[in-house]
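Q: Can we walk through this model together? I'd like quick answers, pockets included.

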Amino acid sequence: MRKKECIAMLLAGGQGSRLGALTSRIAKPAVAFGGKYRIIDFSLSNCVNSNIDTVGVLIQYRPLALNAYLGTGAPWDLDEQDGGVFVLPPYATQAGGEWYAGTADSVLKNLDFIDNYDPEYVLIISGDHLYTMDYNKMLEFHKQHQAELTVSVIEVPLEEASRFGIITAGEDGEIQRFTEKPKNPDSTLASMGIYIFDWPVLRSALQEDAANEESEHDFGKNVIPMLLAQRRRLFAYSFSGYWRDVGTIDSYYEANMDLLAEKPEFDIFEQGRQLYSNANIFPPHYVGEKAVVQNSLVCNGCTVLGEVRNSILSTEAYVGPGAKVEDAILLPGARVESGARVMRAIVGERAVIETNAYFGSQDKEQPIVVVGDNEHVADDLWSGRY
Amino acid sequence: MAGRIIGLISCNYNDDSFGQLTAARSLASLPFGGRYRLLDFAVSNMVNAGIRTIGLVTPYFYRSIMDHVGAGKEWCLDRKHGGLFLLPGSIFGPKSEQSSFVLRDIIKNRSYLERTRAETVLICGSSKIFNIDFRPMFAAHDAAGGGITMLYKTVNDAQGQSGTYLEVSGEMVQAMTREAAGPVNCFMDCFLIDRKLLLNFCEWYRNFSHVDLVDIINDNLDNLQVQAFPFEGYLGQVRNISDYMRCSQDLLNLEVRQELFGNAGQIRTKIEDNTPAKYSGETVVRNSLVPTGCFIEGTVENSILFRGARVGKGAVVRNSVIMSRGIIQPGALLENVICDKFVTISSGNKLSGTPGKPLVIPKNSEI
């Protein structure tokens, strides 16, 4: 195989347990977002737009939807002769089988894959973040500073800093301290979980970490602190722009709703920006005679016969006559039958809000409610009428 | 069964009655239904029937067709075995001849027919709009012992319309006429023919290669076994600009949409990776089709928008078709208008045609 300068390892094995019903049957990177995307589309599109044509996708938790979605990689132009997208699950060996024990362990178990391409650099990214980034610029920075590891960082508010891996860096960007989820953060530079390693450095660090029985085999908790203690050349690359880890229902809901702004902060509509996704071919959506659609996103294959306001209708969603959908997200194939009402809610894939049923509440104090994929909400006098 | 059939789609014909809409494209690549081109129906029908070897006879202006079908990826036709074959068509004569299946286009591409083991060829035009499950027709062809099987639909509204009409009795074609009166069996530019018979035609008529295959069949009706197979579903016939508008508006009817896009099989087309359609807070959209990539801030009624169309604040689009990347600036008003691709209508313009005679704004115009 031809030598590659840089390949990407995309971590997509996590459950995203705080997303509750949304990830009960699919992994977080496979969760639908913004109407026609799945969360993994954003990091895959970043790879393609940064000319990285070889991506190993590390999977573990409920991988069926993700596998089916990735396919040959063709929708992202990642069906390459020499490279492309590779789904890398845990596997059995002569010594038995093991799950991936942590982010670092998952990469370690795929040394063979990386060795095949004998890259100079390995980019480690997550499949569950929303952002647009040109990894080439980060790689440029990595080379300029002759770094062995570059960590992409973003400024976060001090009160939120204890949720992140916090970095203290010198003027030139050299990392001095790295603390995972500090109680009393002394810096507001947060790691985005995006790393560029010199491949030989990563290779030996992973093996060293594997030998440490106390390690949790996690990049943030173990590998980076270990390299820092060894006084290797670690640099922080400052990224400014939109970046979200939609870890909870609330943040997932808000990130979706932010797209409705006239000029969204995460501007997927920006001219010249190319976002790829694996979309089925559906006809244009139909808006009926008596329908109202305002301040909303609507995808192909939808039928809107009722009223839709401040909402996101994913591919093939249906809103029946007399139904009202407000401040809600209908995931692919969701149905809101005639006369039903949905407010401040997330309706799962192919889930059904049955005729005349109420779901959700207009009360902004109430939490966002979620109905899981394929579930039904019946017309029930007590089902949350406000 | 489908493995023994290869497809042949003719795109090498045009029609003067479309004016600017087909000035630089064949009828086959005329955009339709918000994201499709007319050709998509023929190709998708074949693919949905399991056919994986399809020859496309290209028209003289083939840029837009090539741009659209590429290697046939969206139709699963980028294959090792079989796939999409581009068959260069001859330069056609007067457009008004309306000849869809000129024999010389097939003679020129004889190797396509010779290098296959398929027994049967499914030949289709590229301008009729329908979604069919071909399998019953294949079975009927087999049951009749092969020969030729022509697809038709009985219609009542063909009076005065040019076309080929079949006289059918006992499921056999008895005669063909060019003129329609009352209920008639309209030939849908689609037939199955034994490959060897087709190659024989190429041989026998090699000195008369300007004739149309359908005329050859007509001349030999007495000596051939020509079955007729009825189609019951929706048939969109696009013969001129007002037909085009009528067929576009037909899509606003739920039953037509279900027949064309819901039941038999998916109609596939080129994928563009557009963002979802975005509606602002003041939009009024009624009885319309809107694909991805659109931005709507104004009013859209009884209309079909294509990918990337924009309707500005206070702009009104009624009974119209706005093709890809059409920009209707704030305050403009359009009624019974067909905007070809990449058209900009600036603020303050009021453009209108009539339902029977829609106003056509040519590609790339700025008004």
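Q: What follows H1(B), and what is its phi like?
A: B:Gly50 follows H1(B), and its phi is positive, near 90°. Helices (H or I, at least four residues) and strands (E, at least two) are DSSP runs, numbered from the N terminus.

Q: Ground rules first. What kind of model is it, and how are things numbered?
A: This is a predicted model: local features need pLDDT of at least 70, side-chain atom pairs count only at pLDDT 80 or more, and totals for chains, interfaces and linings use all residues. Residues are numbered from 1 along each chain as its sequence is written, chains are lettered from A and ligands numbered from 1 in the order in which they are written, and side-chain values use heavy atoms, with hydrogens and water left out.

Q: Back to the helix. How many residues of helix H1 of chain B are buried?
A: Nine of the 10 in H1 (residues 39-48) of chain B, so the helix is mostly covered. Buried means under 20% relative accessible area, exposed over 50%, partly exposed in between (1.4 Å probe, protein chains only). The buried ones include B:Leu39, B:Phe41, B:Val43 and B:Met46.

Q: And B:Asn287, buried or exposed?
A: Buried, because its relative accessible area is 9%. B:Asn287 sits in the loop between strands E15 (284-286) and E16 (288-290) of chain B.

Q: What does B:Asn287 touch?
A: Leaving aside neighbours within four places in sequence, its contacts (heavy atoms within 4.5 Å) are A:Tyr286, A:Val287, A:Gly288, A:Glu289, B:Leu252, B:Glu301, B:Asn302 and B:Ser303.

Q: New topic. How much space lies in the largest pocket?
A: About 1,300 Å³. A pocket is an open set of points on a 1 Å grid over the protein atoms alone, with protein on both sides within 12 Å along at least five of seven lines; lining residues have an atom within 4 Å of a point. A volume is the space filled by probe spheres set on the points, which are joined across faces, edges and corners.

Q: Which residues lie nearest its centre?
A: Of 40 lining residues, A:Thr103, A:Ser126, A:Asp128, A:Asp218 and A:Asp245. E13(A) gives the most to the lining, with four residues.

Q: How many cavities of 30 Å³ or more?
A: Four. A cavity is a set of points where a 1.4 Å probe fits but cannot get out.
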